[in-house]
Amino acid sequence: MVTTTTTPPPTENERPQGATRPGDRIFLGLSRGSGITLLVIMAAIAVFLTYRAVLAISQDSTNFLTTSEWNPAGDPPVFGIAVLVFGTIVSSIIAMAIAVPIAIGIALFISHYAPRKLAAPLAYVVDLLAAVPSIIYGLWGAIFLVPYLDGLNKWLDEYMGWTYIFDKSSDGPARSLFTVGILLAIMILPIITNVTREVFLQVPRMHEEAALALGATRWEVIRMAVLPFGRSGIISASMLGLGRALGETMAVAVVLSPSFVISGHLLDPGGGTFAQNIASKFNEANEFGRDALIASGLVLFAITLLVNGAARWIIARRKEYSGANA
């Protein structure tokens, strides 16, 4: 009796490198070309910003990093980014502190608590809010949010003024970094919610069913199965929202009452951010003034790259840690 054995066809990983299909080679070439093109564009932007920034900083009569004044048209020119760094970081921290916990709660409610008939409309509304232009948020903030925050500012000044940061030392409308932080939180909330919700929906159903079979409550299922699985996604969504908060221009320019004074009193009108300063001063600036604005843009560019790099590093460390414990 003669027996014959059949060899199964090679899998995709076992095939020789030259045996890929033409469509795979085309897709690989397009993907690689897109990645290289993106890197070239980023490098070109960095070179352009650096060149124009060096032209401006070389003529700055003060320290570019520590000076609080902005007068590149003066004789001699005086400009620095101390106020812009402070305002950008403080407003972004306020926005993240407000938006991230609320976004996680909304995402959990839509993905695990709300009935399907309610979850679908809520998800649609959140998607719609993410597409609203920033100038609309800015006009809403200037017309509606600023007047209605006066009461909150007085309450914080009365009961939390001992913390110094909520001590309102000057009168004026609520056009402060605190108001900007709240507005930015509202703007980045839909973005973080959308990404986080999609991550939560990808949690393996078997993990949740296993936790329920062991007698876990719904909150324990979320704490033991959903949140650990979606931690990397939450970080990615938060960094995406932070990127928008750092670079938001029109909404901040409409709401904030700019001034080049660093103050720890967050309720006082004044302050400034990189994007707001560039938007408000670009049209009236001469060629050297625009080089100075480009120098400040280079710093914002570097901060954004550092934030994205830190997020990638955190996510990679989480994956390594999860793989080591698996």
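Helix α6 (residues 205-213) and helix α7 (residues 218-247) pack with their axes 9 Å apart, at an angle of about 145 degrees. The structure is a predicted model, in which local features need pLDDT of at least 70 and side-chain atom pairs count only at pLDDT 80 or more, while totals for chains, interfaces and linings use all residues. Residues are numbered from 1 along each chain as its sequence is written, and side-chain values use heavy atoms, with hydrogens and water left out. Helices are DSSP runs (H or I, at least four residues), as strands are (E, at least two), numbered from the N terminus. Axes are lines fitted to C-alpha atoms, for helices over the stretch in contact, and angles run from 0 to 180 degrees between N-to-C directions.

**α6 against α7**

- H207, E208, A211 and L212 of α6 make the contact with V221, A225 and V226 of α7 (contact means heavy atoms within 4.5 Å).
- By class, this contact of α6 with α7 has five nonpolar residues, one polar and one charged (Ala, Val, Leu, Ile, Met, Phe, Trp, Tyr, Cys and Pro count as nonpolar, Asp, Glu, Lys and Arg as charged, and the others, Gly among them, as polar).

**α5 against α7**

- Helix α5 (residues 177-201) packs with α7 at an angle of about 150 degrees, and their axes are 8 Å apart.
- This makes α5 roughly antiparallel to α7 (angles over 145 degrees; under 35 is roughly parallel, 65 to 115 roughly perpendicular and the rest oblique).
- α5 also passes α7 in a right-handed crossing.
- Residues of α5 including L184, I188, I191 and F200 meet residues of α7, among them F229, G233, L240 and R244.
- The contact of α5 with α7 comprises 15 nonpolar, five polar and one charged residues.

**I98 in α2**

- I98 belongs to helix α2 (residues 82-113).
- With a relative accessible area of 32%, I98 is partly exposed (buried is under 20%, exposed over 50%, partly exposed in between, with a 1.4 Å probe and protein chains only).
- Residues up to four places away in sequence aside, I98 touches I182 and A185.
- The C-alpha atoms of I98 and G181 are separated by 8.5 Å, the two residues being 83 residues apart along the chain.

**H265 in a loop**

- H265 is located in the loop between α8 (250-255) and α9 (274-281).
- H265 counts as buried because its relative accessibility is 12%.
- The H265 side chain reaches the backbone oxygen of D167 at 2.8 Å.
- Beyond its neighbours within four places in sequence, H265 is in contact with Y164, I165, D167 and S169.

Note on methods: Polar contact = N/O pair within 3.5 Å; in protein donor to acceptor, adjacent residues only side chain to side chain. Left-handed = near helix turned anticlockwise from the far one by under 90°.
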